[in-house]
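Please keep the sequence and the structure in view while reading.

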Amino acid sequence: MDKLRRVLSGREDNEELGLTAQVLDASTLSYSTRVKWFVICFAAGILCSILGTALLFLPNGLKLFAVFYTLGNIAALASTCFLMGPLKQLKRMFEPTRLIATIVVLLCLVLTLCSVFWWGKKGLAIIFCILQFLAMTWYSISYIPFARDAVIKCFTTCLS
């Protein structure tokens, strides 16, 4: 089946694709392989976030927390590349419906690390981690149909 797929796509070479090429072109990975790597990468992201939270109470724990929490969010974002491929993931990230959420997530990732390492502002780092969490949540629910509308309606009902 793979040979037929290569012939139809114009790649008739008999050389095996490397792992990097397979990852960049998600269609060459089987569905079960993509799901397995998604789960592995997503679990690594959760593990990094939990580890960062556990390290928060050590000396210099805030730096470790910021690094591991940010790495966890990056791994969680990267895990979806296995499901749909990196190019399609980037296109979907920057669609108009989730453009602001994507920019806020990426900005908070960078600002968290900047506030810990360059500016030395611990309080600011915690604020950016909270914003990272909120932005990641808002970004993630953008993939669930009508979830954002439900959240907005819930908050407006609670606040009024």
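The sections below go from the overall fold to particular residues.

## Overall architecture

The model described here is predicted. Its chain contains 8 helices and 0 strands, so that the order of elements from the N terminus reads α-α-α-α-α-α-α-α.

Of the 160 residues in the chain, 30% are buried. The chain exposes about 10,600 Å², and 73% of that area is supplied by carbon and sulfur atoms. Among contacts between residues at least 6 apart in sequence, 55% join residues at least 24 apart.

## Aromatic pairs

The count of aromatic pairs comes to 3. One of them is formed by phenylalanine 38 and phenylalanine 42, with 5.7 Å from centre to centre and 20° between the planes. This pair counts as stacked because its planes are under 30 degrees apart. Both residues belong to helix 3 (residues 31-55), where a spacing of 4 residues separates them by about one helical turn. Phenylalanine 38 is partly exposed, at a relative accessible area of 21%, and phenylalanine 42 is also partly exposed, at 35%.

Phenylalanine 65 and tyrosine 69 also form a stacked pair, with ring centres 5.5 Å apart and planes at 25°. These two residues lie in helix 4 (residues 61-84), 4 residues apart, which is about one turn of the helix. Phenylalanine 65 and tyrosine 69 are both buried, whereas phenylalanine 38 is partly exposed, as is phenylalanine 42.

## A nonpolar surface patch

Helix 7 (residues 122-141) provides the largest share of the patch, 7 residues.

## Cysteines

How many disulfides are found in the whole structure? The search finds 0. A disulfide is a covalent bond between the sulfur atoms of two cysteines. For cysteine 48, the nearest cysteine sulfur is that of cysteine 41, 9.5 Å away. Cysteine 48 is in no disulfide, because a disulfide requires sulfur atoms within 2.5 Å.

The sulfur of cysteine 129 is 9.2 Å from its closest cysteine sulfur, that of cysteine 108, and this is too far for a bond.

## Loop residues with positive phi

Most residues other than glycine have a negative phi. Asparagine 60 has a positive value, near 60°. Asparagine 60 is situated in the loop between helix 3 and helix 4, and its relative accessibility of 58% makes it exposed.

Phenylalanine 146 likewise has a positive phi, near 65°. Its position is the loop that lies between helix 7 and helix 8 (147-159). Is phenylalanine 146 buried or exposed? At 69% relative accessibility, phenylalanine 146 counts as exposed.

Definitions and conventions. Residues numbered from 1 in each chain as written. Predicted model: local features only at pLDDT ≥ 70, side-chain atom pairs only at ≥ 80, totals over all residues. Heavy atoms only, no water. Phe/Tyr/Trp six-rings, centres within 6.5 Å; stacked < 30°, edge-to-face > 60°. Buried < 20%, exposed > 50% of the residue type's maximum accessible area, 1.4 Å probe, protein only. Contact = heavy atoms within 4.5 Å. Areas by Shrake-Rupley, 256 points an atom, 1.4 Å probe, with all protein chains shown as cover.
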